[in-house]
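Trainee: I am new to this structure. Could we go through how its parts pack together?

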Amino acid sequence: MRVLVGGLHHESDSLNPHPTALGDIRVRRGIGLFSRQSEDALGGIISALAEAGVEVVPALHARAIPGGLWTDEAYRSLADELVGMVASSLPLDGICLALHGSMRSQSEDDCEGEILERIHSLWPDIPIYASLDTHGTLTDRMLANACAFAAYKCAPHTDAYETGRLAASMLVSHLQDGTVHHMAAFRLPMLIAGEKSETGREPMLSLCAMLRKEEEEGASAASWLLGFPWADSPTAGVSALVVSPVSMDDAYRRALRLARAFWSCRYDFSFCTQALGMDETVEEARRLVQEGACPLVISDSGDNPTAGARQEMTSFLARILCDPFLSSLPTPLVYQAFHDSAIVEEALEKGPGAEIMVSFGVPRLSGRAIVKAVCPDWCGDFSSALALVGFGGIDIVFSQRRVGCYEPGMLRALGLEPSSLSVLVVKLGYLEPELKALASSSLLALTEGDTDEVLERIAYKRIPRPIFPLDEPEVLFPEA
């Protein structure tokens with residue numbers, strides 16, 4: 001049996017004005033898909049298919065750090081290439097894709113739905129299965145053009161590999177045993193930010209336990225698709241999704257049961273870390289440092305590049321620079337990280353110890369700075385050259401490219417030991433496991449930006465209304 005694997009994967013923030021272009025996208029093709037097999041959903045798909053004795057046909061997988069909408073050029077060229085690879089790989093017994101669910105381009109609100117529709121319309125007899133991200137947005141077009149989906153259950157996403165294996169195992173059972181997978185979903189008019197839905201605490205802890213119980217009691221897969229609140233899209237919302245090997249009625253009853261439970265918890269979602277406005281965060285940070293609760297890790301949540309923000313907003317930095325305590329710590333506060341290629345390039349050219357003039361961010365900040373360290377080739381999850389620059393009494397990490405700011409290894413590459421810091425500010429939302437383990441205390445700063453956690457402040461224009469928490473919609477659940 002021959003199964004093609006691949007996919008396009010992106011979390012697209014329509015509030016970010018900078019589009020995602022071809023140069024921002026990491027593309028693996030052919031045998032390049034067989035690298036990193038233990039780390040992502042695609043690796044899980046490949047391993048499960050190989051264990052089942054299936055011939056894996058590698059196509060392409062394109063992925064970029066969450067950001068602005070894909071340019072039409074980038075999306076069309078890669079989507080066309082993927083569909084062309086399907087055509088050139090025939091005959092195929094199946095297709096298994098690693099997708100996100102909240103990918104958008106400048107002219108396409110539902111990239112996953114369109115890709116699936118194109119493939120299914122051309123080869124309707126080839127079964128298509130796929131993994132999805134927890135923060136995917138489920139659409140009618142996606143449901144109509146795939147046999148089944150499985151989404152990550154954990155946020156942070158520590159189970160991507162296992163989810164890929166689950167999606168592939170459903171395809172294997174379809175091919176080898178003739179299993180028919182019936183997929184049903186129930187949608188809820190609701191927006192929810194990831195920072196209020198970590199799966200290690202309530203109510204998501206119990207809600208995810210319900211998914212596992214459904215699977216233990218016969219469902220092939222059960223998933224929450226929480227949607228993506230920083231995409232102003234008419235498809236916005238939360239979905240309960242169930243795949244059943246029994247019948248469509250069974251899948252629908254289970255999805256309805258899950259949706260009722262989720263809706264009943266809608267007022268219970270809250271920030272998993274103490275969340276404060278900018279001024280209150282500065283005051284609380286001062287108190288915690290004075291009490292010795294260090295290292296203190298603060299999330300600049302409104303400018304979180306791993307949720308699609310531009311990584312350039314300076315409002316919270318400006319507030320810290322104005323604070324005489326936080327801007328004069330014996331071990332300087334470190335801010336990780338601002339995207340500015342020009343500053344990094346000048347720092348690389350002039351080297352540590354050099355004095356440079358910097359002008360960066362939105363709103364713009366300018367002044368004299370000292371280059372403290374450089375790293376020309378940091379290779380974390382998102383590779384980039386880095387520079388550590390002293391500015392106004394604090395140390396700022398600058399990245400040549402937009403990067404995820406959750407890796408302590410970024411600081412170590414610049415000669416800093418994160419555990420020895422007093423305060424670390426990261427452009428992030430909830431803390432990833434390594435940062436959480438590092439932090440003696442943590443705060444979530446409710447800053448404004450492309451990933452504003454206060455959803456009521458966002459000027460939505462296209463989302464369906466009414467929708468919770470902006471409104472109080474009535475949901476009529478049919479009889480099971």
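Trainee: At what angle do the axes of helix α6 and helix α7 cross?
Mentor: In this predicted model, the axes of α6 (residues 204-216) and α7 (residues 248-264) cross at roughly 170° and come within 11 Å. Axes are lines fitted to C-alpha atoms, for helices over the stretch in contact, with angles from 0 to 180 degrees between N-to-C directions. Helices (H or I, at least four residues) and strands (E, at least two) are DSSP runs, numbered from the N terminus. The crossing angle therefore makes α6 roughly antiparallel to α7 (angles over 145 degrees).

Trainee: Which residues of α6 and α7 make the contact?
Mentor: Met204, Leu207, Met210, Leu211 and Glu214 of α6 meet Arg254, Arg257, Leu258, Ala261 and Phe262 of α7, where contact means heavy atoms within 4.5 Å.

Trainee: Turning to the sheet, what is the order of its strands?
Mentor: The order is β2-β3-β1-β4-β5-β6, in an open sheet with mixed pairing; two strands pair if DSSP finds at least two bridges between them. The edge strands, β2 (26-29) and β6 (148-151), each pair on one side only.

Trainee: How many bridges join β4 to β5?
Mentor: Four bridges join β4 (residues 94-98) to β5 (residues 128-132), and the two strands run parallel. Ile95 has Ile128 of β5 as its bridge partner.

Trainee: Which strands does helix α5 touch?
Mentor: Helix α5 (residues 160-177) packs on the sheet and touches β1, β4, β5 and β6. Its direction makes about 165° with that of β5.

Trainee: How are residues numbered?
Mentor: They are numbered from 1 along each chain as its sequence is written. Local features need pLDDT of at least 70.

How values were computed
This is a predicted model: local features need pLDDT of at least 70, side-chain atom pairs count only at pLDDT 80 or more; totals for chains, interfaces and linings use all residues. Side-chain values use heavy atoms; hydrogens and water are left out. Angles under 35 degrees count as roughly parallel, over 145 as roughly antiparallel, 65 to 115 as roughly perpendicular and the rest as oblique.
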